[in-house]
Amino acid sequence: PEAPKAAPVNTVSQYACQRRTTTENNNRIFTDAFEVLAENYEFNDIEGRCLAFRRAASVLKSLPWAVRCVGATQDLPCLGEHTKAVMKEILQYGRSFEVEKILSDERCQTLKLFTSVFGVGPKTAEKWYRRGLRSFSEVLAQPGIHLNRMQQSGFLHYGDISRAVSKAEARAVGNIIDEAVHVITPNAILALTGGFRRGKDFGHDVDFILTTTELGKEENLLISIIESLKKQGLLLFSDYQASTFDISKLPSHRFEAMDHFAKCFLILRLEGSLVEGGLQRAQGDGREWRAVRVDLVSPPVDRYAYTMLGWTGSRMFERDLRRFARLERQMLLDNHALYDKTKVEDFIIPRQTDSLPRQ
Ligand code: CTP
Ligand code: MN
Ligand code: MN
Ligand code: MN
């Protein structure tokens, strides 16, 4: 038998949840390229390769140094032949030809454009592309295209919701929700989650967890909040999903990426006067407000910790946290609970997917 080797210093874990990652990215030239490739594989339904490039990007994002030669990556996990070839090209020529080819591809450009609309996923985008549509004006002018409520709002507020949300704007949104909640119930718990909780300076939306200290009292909370925001004229769009969470069915028959808690996907009207330092950018059209995407999730208070863990992100961190629990700790983790895997063998454990709706 081989003598045990000393653990190498500074090993980078294959699990995102075991890697310290700062918000600054020292390897953006590579990770931006990987994201283009990942998205292209996603559009073409090649899940494995898509995941491989997202994993590789996640590893490079965790490095406190910039990669200057491919040799420097030899001890890093999750970097395959393909990823290294792309990196080599970028280091040698300053760009990747494969990435450039994708960026200039009409289908890819169109799918990217269409999926940038709130409520439009890869399937709808593909359908529109197949009908010969290439631009928003063509989609909107096409007879026989039915836009659902979410997509209609997506087009209506396209400019605003594709503009990044700043920390100050997120704080202002938090104040609005906080006020509305405390009018409804004095013992509410409101917590920021998602990217802003991770310390990001900008986000595509603002995510909150909302519950009550008294178990069960959270049941009608979201409905009341939505009602209150509507009365104040702040609600531009709301998609409410009632809870399908049933504690007596825990552990759930399947462990899934999507949780069963009550939640809502909103678009709120945010007045510039409420934002310290003003809105993110001048609107140019005389408007003193902007539309902001907001997600609220409302678990029973005894599920608060799991919800917080599951909604803080990032996606890869969450994915690897579940994988780490399963493979390294023989446990099952989802947004509802953590279980000892050896005691829930009867339950079907599906292959992990990230089939969350794109927002
Ligand atoms: N999430 C979830 N269930 C949903 C929606 C989101 O569990 N129905 C989780 C996601 O897995 C993610 C977190 O909530 O970890 C936040 O999602 P999202 O707002 O999409 O991403 P952020 O990390 O906040 O990034 P961004 O700044 O772009 O909003
Ligand atoms: Mn978010
Ligand atoms: Mn289910
Ligand atoms: Mn969100």
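**Close-up views of a predicted model**

Along the chain, the donors of the manganese ion (ligand 4) are spaced as D-x1-D-x87-D. This is a predicted model, in which local features need pLDDT of at least 70 and side-chain atom pairs count only at pLDDT 80 or more, while totals for chains, interfaces and linings use all residues. Residues are numbered from 1 along each chain as its sequence is written, chains are lettered from A and ligands numbered from 1 in the order in which they are written, and side-chain values use heavy atoms, with hydrogens and water left out.

**View 1. Three aspartates hold the manganese ion (ligand 4).** Asp205 (OD), Asp207 (OD) and Asp295 (OD) coordinate the manganese ion (ligand 4) at 2.1 to 2.2 Å. Donors here are N, O and S atoms within 2.8 Å of the metal (3.2 Å for Na, K and Ca); water is not among the atoms, so sites may look incomplete. Look also for the manganese ion (ligand 2): Asp205 bridges the two ions, which lie 3.5 Å apart.

**View 2. Domain 1 meets domain 2.** An automatic or database domain assignment gives domain 1 (16-102), domain 2 (108-148) and domain 3 (165-343). The C-alpha centres of domain 1 and domain 2 are 29 Å apart. Their contact (heavy atoms within 4.5 Å) takes 4 residues from domain 1 and 5 residues from domain 2. About 460 Å² is buried between these two domains, 68% of it from carbon and sulfur atoms; buried area is the accessible area (1.4 Å probe) that two parts lose on being put together, summed over both. On the domain 1 side, Glu39, Phe43 and Ile102 lose the most area to domain 2, together 89% of what that side buries.

**View 3. Glu39 and Lys112 pair across the domain 1 and domain 2 contact.** Their side chains form a salt bridge (2.8 Å, N to O), and the count between the two domains is 1 salt bridge. The term means a side-chain nitrogen of Lys or Arg within 4 Å of a carboxyl oxygen of Asp or Glu. Helix H1 (residues 28-43) gives the most to this side of domain 1, with 3 residues; helices (H or I, at least four residues) and strands (E, at least two) are DSSP runs, numbered from the N terminus.

**View 4. Glu169 and Arg290 form a salt bridge.** Their side chains meet at 3.0 Å, N to O. Glu169 lies in helix H10 (residues 167-184) and Arg290 in strand E7 (residues 289-298), so this pair ties together parts that are 121 residues apart in sequence. The count for salt bridges comes to 22.

View 5. Gly313 and Ser314 are joined by a cis peptide bond, with omega about -5 degrees.
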